[in-house]
Amino acid sequence: MQIRRKIMNEIKGQPRLQKALAFAVFLKFKLGRSSMMRNYSINKIHTLTKISATTIQKYLPILIENGWVTFSGKDNQHLIVSKLCSHTDGRNISIDKFCFDSFKDVYRSLRAFLALIIQSHKDFIKRTIQIATKPAKGQNFKAARKLVKRLVRQGILKSVYDAYKEYGLSLKRIAKETGNCVRTAQRIMNYAISKNWTTKQHHYEKVKSANFYFDDFMFYKNGNLYKIYANTYELSKAISTALSH
């Protein structure tokens, strides 16, 4: 199954839209290849997906509004899940690695993918800079150089000679992307790690000053105070391929 990149960009920072999309994806998965429910009803959707009637009534109008479901038949009695993916593969991302055990798992998977897409973008820029500056045999230097210049025009890079610097991926950034708090962002990344979609490396250093202001991104251990910095994440090969540009 695939989702258009455009849709993933549109739901950034909007939990309500994310939950609605998760509903559409789970319903499509349950309906199978036809993506159609004949003579649909709220009760019929509930029986198929085990999603509560209240949740269905709350999010179905959002699916209709965004065109993620359409209707056919004489009295529009048939429901069809549609327009979730493009006919052009390059405009989609693969969600075959989603967990489809329940609606809740699909929602968790979707939010985790939103966070992993950030890391995928970072990895893509890193590879592009490497090819543009020190290309290996067979790598397309001209295409990479052209892309680097475009990134400079967009303000993502300072210059075409700008070296890649890894600052990690902070929970604040993930929270902003998913539209949640930092604590929820932590749960999202823990879920991704539990699925072996990514691995995490912690970064922290001992604080020398005893008068250093203590905040949420510090911890105390064995008489020492430590400052926590953004973690770095490495995507699994399967996820990197699914999210590849």
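What percentage of the 245 residues of the protein chain count as buried? The answer is 42%, where buried means under 20% relative accessible area, exposed means over 50% and partly exposed lies in between (1.4 Å probe, protein chains only).

Before you start clicking, a word on the model. This is a predicted model, in which local features need pLDDT of at least 70, side-chain atom pairs count only at pLDDT 80 or more, and totals for chains, interfaces and linings use all residues. Residues are numbered from 1 along each chain as its sequence is written, and side-chain values use heavy atoms, with hydrogens and water left out.

**The whole chain.** Switch to a cartoon view: the protein chain holds 9 helices and 8 strands, which are DSSP runs numbered from the N terminus (helices H or I, at least four residues; strands E, at least two). Among contacts (heavy atoms within 4.5 Å) between residues at least 6 apart in sequence, 62% join residues at least 24 apart.

**First stop: Lys6.** Select residues 5–10, helix 1, and pick out Lys6. Lys6 is exposed, with a relative accessible area of 54%.

**Second stop: helices 3 and 4.** Select residues 42–49 (helix 3) and 53–65 (helix 4), which pack at an angle of about 115 degrees with their axes 9 Å apart. Axes are lines fitted to C-alpha atoms, for helices over the stretch in contact, and angles run from 0 to 180 degrees between N-to-C directions. The two helices are therefore roughly perpendicular, a word that covers 65 to 115 degrees. Show side chains next: Ile42, Ile45 and His46 in helix 3 meet Ala53, Ile56, Gln57 and Leu60 in helix 4. These divide into 5 nonpolar, 2 polar and no charged residues, counting Ala, Val, Leu, Ile, Met, Phe, Trp, Tyr, Cys and Pro as nonpolar, Asp, Glu, Lys and Arg as charged, and the others, Gly among them, as polar.

**Last stop: helices 7 and 8.** Move to residues 171–178 (helix 7) and 182–194 (helix 8), whose axes come within 8 Å and cross at roughly 95 degrees. That makes helix 7 roughly perpendicular to helix 8. Leu171, Lys172, Ile174, Ala175 and Thr178 in helix 7 are in contact with Val182, Ala185, Gln186, Ile188 and Met189 in helix 8. By class, this contact has 7 nonpolar, 2 polar and 1 charged residues.

Note on methods:
Parallel < 35°, antiparallel > 145°, perpendicular 65-115°, else oblique.
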